[in-house]
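Here is a short note for a colleague who is opening this structure for the first time. Please read it with the model on screen.

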Amino acid sequence: MRTLTIAVIALLALPAAAADEKPKSDRVSVDLQVPVGGKPLSIRATAGLTIMKDDAGKAKAEIFSIAYLQKPPAASRPVTFAFNGGPGSSSVWLHMGGLGPRRVVMQPEGWRTKPPYRHDVNEQTWLPFTDLVFIDPVSTGFSRPAKGEKKGQFHGLHEDARSVADFIRQWLTDHDRWLSPIYLVGESYGTTRAAMLSTELLHRGIDVSGIVLVSPVLNFQASDARPGNDLGYWLVLPTMAATAHYHGLVKTENGLREFLDEVEEFARTEYLLALAKGAKLAGEPRDAIAAKLAKYTGLSKEYVLSTDLRVWSGAFRKELMRHSKGSVGRYDSRFTARDRVPAGSHADEDPSWTAVRGPFTSTLNDWLRKGIGYRTERVYNIFGNVHPWPMGRERHRYTNTAESLAAAMRANPHLRVLVAMGYYDFATPYFAAEYTFEHLGWPNPENYEFTYYEAGHMMYIRDADRAKLTADAARFYAPESGSMPDRAR
């Protein structure tokens, strides 16, 4: 594989500031020659802290970001602000997994390799069609509150959106990019943030051209299965079915997509009605629903009946593989693990999380220090402590930031959204995302598009899906036509 040529143009990193010093930017920059499609792409990478100040000039926070900008700079080129979720996650996953110039080397299906881990050129980087700015919100990555400032003022649904919107506004000013097409890319809770940002930026006079939602969660009720909320049970059923299909535990001659079409129709009709009837559903009709659920999920009819026809996804992850003393992953149910106690009620761990935690942590730290030249004594918080995380006025009901996104679309009818979803994702089930957009209240469905991938939450760890995601994004960004990916799944 071709190597990445690095020419260091500036090393401005300073020693850690003494306690009595004012915070200052410590940005470093390097020139990169990124080989994409056999041709070198000239990029300037800059990493460092942006000091966020209030109107009186007092430092409030130090927000870390990594920007990859085309050389020579072009104001007409799109600039994309990318971030992950949690809440509390740094931007490492999108940065080193799919979008940036380097990627963590995994096996072709996304399984981890033997340590020590390594990173290599990302041939599927988004840099051919957009500049990239990866943001670590306060308490994640190297970002911290300024001395004397309480971190809680940056933590929460509204607090977080305001601070990230302020950073974006500051970045556009610092880099003279106010007339560039502006895009947002969020993953998981990062999609919650992106929806909030669509209106926060609007209030600052910043209209967004497009938003890419990777593994979205906007309406939290749609993915929260619990007593009193049947919505979460029928919307996760297709993910259960996809998982059972992948592991060969359902009998069907259909391929995955045809099988899911059948399951989705059952979920939104017979199963939804059965759940609505509650205790009134009894006898033979109840047995018939349980039999179909067993058929689609690979579970026994007796087990389904014992759950009152409401299988919690955490229990499913364990029960599906109980015969082999194992469980499947939450972020990606293609992954399996062997549990210590086969008789337990839930999985010991999420194998799809442990598979990526180590590789992404080590390679990000190596790339920042050796590749970009950014050195600091701070710990890079892959996940930071951001709790409690108040939901503001939403605290007495389910959070639904789709309302914020819909408001932004009404105010800016040119705003387009690309929704990328993995079939094997229990953290943010794809059918729940479809339901959310089907109830968006926006009259023009041509403004948003769904794309599907045969992996889980981080679909880009799978080679084929990383290539597909980049191709889908490239069409989404295409300035000459504004075309969207094909609607076919």
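Predicted model: local features only at pLDDT ≥ 70, side-chain atom pairs only at ≥ 80, totals over all residues.

1. Residues are numbered from 1 along each chain as its sequence is written, and side-chain values use heavy atoms, with hydrogens and water left out.

2. Start with the largest nonpolar core, which has 89 residues. (Such a core is a set of buried Ala, Val, Leu, Ile, Met, Phe, Trp, Tyr and Cys residues joined through side-chain atoms within 4.5 Å; buried means under 20% relative accessible area, with a 1.4 Å probe and protein chains only.) Phe81, Ile168 and Phe437 have the most contacts inside it. Helix α4 (residues 231-246) brings the largest share, 10 residues. (Helices are DSSP runs of H or I, at least four residues, and strands are runs of E, at least two, numbered from the N terminus.) Another core, of 54 residues, lies apart from it; Phe64 and Val92 are among them.

3. Now the largest pocket. Its volume is about 850 Å³. (On a 1 Å grid over the protein atoms alone, a pocket is an open set of points with protein on both sides within 12 Å along at least five of seven lines; a cavity is a set where a 1.4 Å probe fits but cannot get out; lining residues have an atom within 4 Å of a point. A volume is the space filled by probe spheres set on the points, which are joined across faces, edges and corners.) The pocket is lined by 36 residues, and Val217, Phe220, Ser223, Arg330 and Ala427 lie nearest its centre. Helix α8 gives the most to this lining, three residues.

4. Look next at Phe426, in the loop between β14 (416-422) and α11 (430-438). Is Phe426 buried or exposed? Phe426 counts as buried because its relative accessibility is 5%. Asp332 is 94 residues away from Phe426 in sequence, yet 7.1 Å away in space, C-alpha to C-alpha.

5. The structure holds seven cavities of 30 Å³ or more. The largest cavity has about 90 Å³ of space. Its lining includes Pro216, Val217, Ser223 and Phe437. The largest share, four residues, comes from α11.

6. The second largest cavity has about 70 Å³ of space. Arg27, Trp171 and His175 are among its lining residues. Strand β3 (39-53) gives the most to that lining, with four residues.

Definitions and conventions
Buried < 20%, exposed > 50% of the residue type's maximum accessible area, 1.4 Å probe, protein only.
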